[in-house]
Amino acid sequence: MLQNVKVVLVGTSHPGNIGSAARAMKVMGLKQLVLVDPQCEIDDQTMALAAGADDVVNNAQIFSSMQEAVADCALVVGSSARSRTLNWPMLEPRECGVKFVQEGTSTPVALVFGRERTGLTNEELQLCQYHVAIPANPEYSSLNLAMAVQTLCYEVRMAFLESDKAQYPESEPVEYSRHNELEMFYQHLENVLVDTQFIEKDKPNQVMSKLRRLFSRARPEAQEINILRGVLTAVQKEISHKK
């Protein structure tokens, strides 16, 4: 599914941003980089900031218009700040990731990012079915291009991994001890602590209460309780042998 995701950069003006975006993509398993009307050349700085994602840069497709770049895509989502002038269906980043997994399994889908300074034009935004806005700190919402690419690619990957995990059957249900079995364990434990003189039977103390709390928090499985009781039995046998 991740191979069907296009990351479209429109009008990028800084060669380093192309490399940084490619790196962000590859870290998240995305490889389809598309450049629309780039305002710079791919150069040494691009490759330096790609930091090993050279293949993503070298295989990038270049188009003169966004319309051409997304022509084969069933779903196009534009990254945008929330706009009061352009009322368009909005997605949260997490919703965007889920949407891509739902629709990108068999058909190409595109995540579109605009120019560093001005973003996408209204005409370009209207080519998208949805807009996605990263809910950054409203007092300082300055995200550079690579950060925005990284954030949204991360959400796509997390949604993909969650979907992938759901395809596999769950592991066998865990079996926990019944209440009476736990009480038998606590009594067994108390007997051993008394036999080893760790606690005195006739003197009230908080040790057993704290041990109960510990095991309640840990919630050992039935098999683990059986192992613990086996250990206690072994301790009792050793005490009996020494006597």
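# A guided tour of the model

Start with the charges: the mean positions of the 24 positive and 30 negative charges of the protein chain lie 11 Å apart. Here Lys and Arg count as positive and Asp and Glu as negative, while His and the chain ends are not counted; each charge is placed at NZ of Lys, CZ of Arg, CG of Asp or CD of Glu. A word on what you have open: this is a predicted model, in which local features need pLDDT of at least 70, side-chain atom pairs count only at pLDDT 80 or more, and totals for chains, interfaces and linings use all residues. Residues are numbered from 1 along each chain as its sequence is written, and side-chain values use heavy atoms, with hydrogens and water left out.

**The whole chain**

Zoom out and show the C-alpha atoms, which fill a box of roughly 90 × 40 × 40 Å along the principal axes. The radius of gyration, taken over C-alpha atoms, is 30 Å, whereas a compact globule of 243 residues would have one near 18 Å (by the rule of 2.2 Å times the number of residues to the power 0.38). Switch to cartoon and you have 10 helices and seven strands; these are DSSP runs numbered from the N terminus, with helices (H or I) of at least four residues and strands (E) of at least two. Of the 243 residues, 37% are buried, where buried means under 20% relative accessible area, exposed over 50%, and partly exposed in between (1.4 Å probe, protein chains only).

**The largest nonpolar core**

Next, select Leu 9, Leu 33, Phe 100, Phe 113 and Val 149: of the 34 residues in the largest nonpolar core, these touch the most other members. Such a core is a set of buried Ala, Val, Leu, Ile, Met, Phe, Trp, Tyr and Cys residues joined through side-chain atoms within 4.5 Å. Elements giving two or more residues to this core include strand E1 (5–10), helix H5 (93–103) and helix H7 (145–166). The largest share, six residues, comes from H7.

Stay with Leu 33 and show its contacts (heavy atoms within 4.5 Å). Not counting residues up to four places away in sequence, Leu 33 touches Val 7, Leu 9, Ile 18, Ala 22, Met 25, Val 56, Val 57, Ala 60 and Gln 61. Apart from this core lies another, of 15 residues, among them Val 8, Val 112, Leu 120 and Leu 125.

**A buried threonine**

Now select Thr 46 in helix H2, which counts as buried at 0% relative accessibility. Beyond its neighbours within four places in sequence, Thr 46 is in contact with Pro 15, Gly 16, Ile 18, Gly 19, Glu 41 and Val 57.

**Two positive phi values**

Most residues other than glycine have a negative phi. Go to Asp 37, in the loop between E2 and helix H2 (44–50): its phi is near 45°. Asp 37 is partly exposed, with a relative accessible area of 42%.

Last, select Gln 197, in the loop between helix H8 (179–195) and helix H9 (207–218). Gln 197 has a positive phi of about 65° although it is not a glycine, and at 71% relative accessibility Gln 197 counts as exposed. Finish by drawing a distance from Gln 197 to Asn 144: their C-alpha atoms, 53 residues apart along the chain, are separated by 66 Å.
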